[in-house]
Amino acid sequence: MKRFQHFVPNLTLGAPVIKSLRKHTKAYLDCHLMVTNPLDYVEPLGDAGASGFTFHVEVSKENWQELVKKVKSKGMKPGVALRPGTPIEEVYPLVEGENPVEMVLVMTVEPGFGGQKFMPETMEKVCVLRAKYPSLDIEVDGGLGPSTIDMAASAGANCIVAGSSVFGSPEPAQVILHMRKSVEEVQSSS
Ligand SMILES: O=C(CO)[C@@H](O)[C@H](O)COP(=O)(O)O
């Protein structure tokens, strides 16, 4: 097994992958930086054509303002992510600051691996955020699929990250459609 990122700065899915994808698509390329030093990746990812740059609040308490400024200056949308055990209050200053993040990613599993079980207790954070910030983009990531999407959508999440449920399905388009509908239904009823 090879471990990248700390001894060397490479990421398995880093700027070279984004650069290659960008040649073939105009799609929104959402990058979630599960690293301790996100600042080091702003320039390479921006130059490669990333659309969104989400860093973790747990590692950015000292420099989030600088990070947000730099991310915006590279034409990307700044987001902040938090682990299941991190209190939601920690992101408030980043949403309410002079130069705010534009998306909050509430992790619904411990970051690191696909295929984990959705943690329903994280939905309380989504509800609190949605009540406080009606127009904020709220993303959820981990264990999302047809059996969990309604919980996330009704809590107020509007950006859904899904791996196993989509790529493990014989009908990925149907799974995406199902999740999209669930989010749209909540949006049209509120
Ligand atoms: O990488 C992580 C968590 O860090 C995963 O949560 C994937 O982003 C989504 O995978 P599934 O949970 O949908 O398999």
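Which residue in β4 is the bridge partner of G79? In β4, that partner is M103. I will come back to this pair when I reach the strands.

Some ground rules before that. What you see is a predicted model, in which local features need pLDDT of at least 70, side-chain atom pairs count only at pLDDT 80 or more, and totals for chains, interfaces and linings use all residues. Residues are numbered from 1 along each chain as its sequence is written.

The protein chain is divided into domain 1 (1–81) and domain 2 (108–190); these bounds come from an automatic or database domain assignment. The C-alpha centres of domain 1 and domain 2 lie 22 Å apart.

Now the strands, starting with β2, residues 52–56. Helices (H or I, at least four residues) and strands (E, at least two) are DSSP runs, numbered from the N terminus. Of the 5 residues of β2, 5 are buried, so the strand is largely enclosed by the rest of the structure. Buried here means that 20 or more other C-beta atoms lie within 10 Å of the residue's own; exposed means 12 or fewer, partly exposed is in between, and C-beta atoms are placed from the backbone. In a regular strand the side chains alternate between the two faces of the sheet. In β2, G52, T54 and H56 point one way and F53 and F55 the other.

Strand β1 (residues 30–32) runs parallel to β2 and is joined to it by 3 bridges; two strands count as paired if DSSP finds at least two bridges between them. C31 has F53 as its bridge partner in β2.

Take F55, which lies in β2. F55 is buried, with 29 other C-beta atoms within 10 Å. Leaving out residues up to four places away in sequence, F55 touches L33, P38, S60, L67, V80 and A81. Contact means that the two C-beta atoms, placed from the backbone, lie within 7 Å. M34 is 21 residues from F55 along the chain, and their C-alpha atoms are separated by 7.0 Å.

Next is helix α2, residues 39–48, where the buried residues are Y41, V42, L45, G46 and A48. Seen down the axis of α2, these fall within an arc of 155°, so they line one face of the helix. The arc is that of the directions from the helix axis to the C-beta atoms. The buried residues of α2 pack against α1 (15–22), β1, β2 and α3 (64–73). Just after α2, G49 takes a positive phi of about 110°.

Back to β4 and the opening pair. β3 (residues 77–82) and β4 run parallel, joined by 4 bridges, and G79 with M103 is a bridge pair. On its other pairing, β4 is joined to β5 by 5 bridges, and these two also run parallel. V104 stands opposite I138 in β5, while V106 has V140 as its bridge partner there.

How many of the 5 residues of β4 are buried? The count is 5 of the 5, so β4 is largely enclosed by the rest of the structure. M103, L105 and M107 are on one side of β4, with V104 and V106 on the other. For β5, 4 of the 5 residues are buried, so this strand is largely enclosed too.

Helix α5 covers residues 123–132, and M123, K125, V126 and L129 are buried in it. Seen down the axis of α5, its buried residues fall within an arc of 155°, so they line one face of the helix. They pack against β4 (103–107), β5 (137–141) and α6 (149–155). On the other side of α5, E124, A131 and K132 are exposed.

Last, the ligand. 16 residues surround the ligand, the closest being P111, G114, G142, G163 and S164. A residue is near a molecule if its C-beta atom, placed from the backbone, lies within 6 Å of it. By class, this shell has 6 nonpolar, 9 polar and 1 charged residues. Ala, Val, Leu, Ile, Met, Phe, Trp, Tyr, Cys and Pro count as nonpolar, Asp, Glu, Lys and Arg as charged, and the others, Gly among them, as polar.

One of the closest residues is G163, in the loop between β6 (159–161) and α7 (164–167). Is G163 buried or partly exposed? G163 is partly exposed, with 16 other C-beta atoms within 10 Å. The C-alpha atoms of G163 and P44 are separated by 25 Å, and the two residues are 119 residues apart along the chain.
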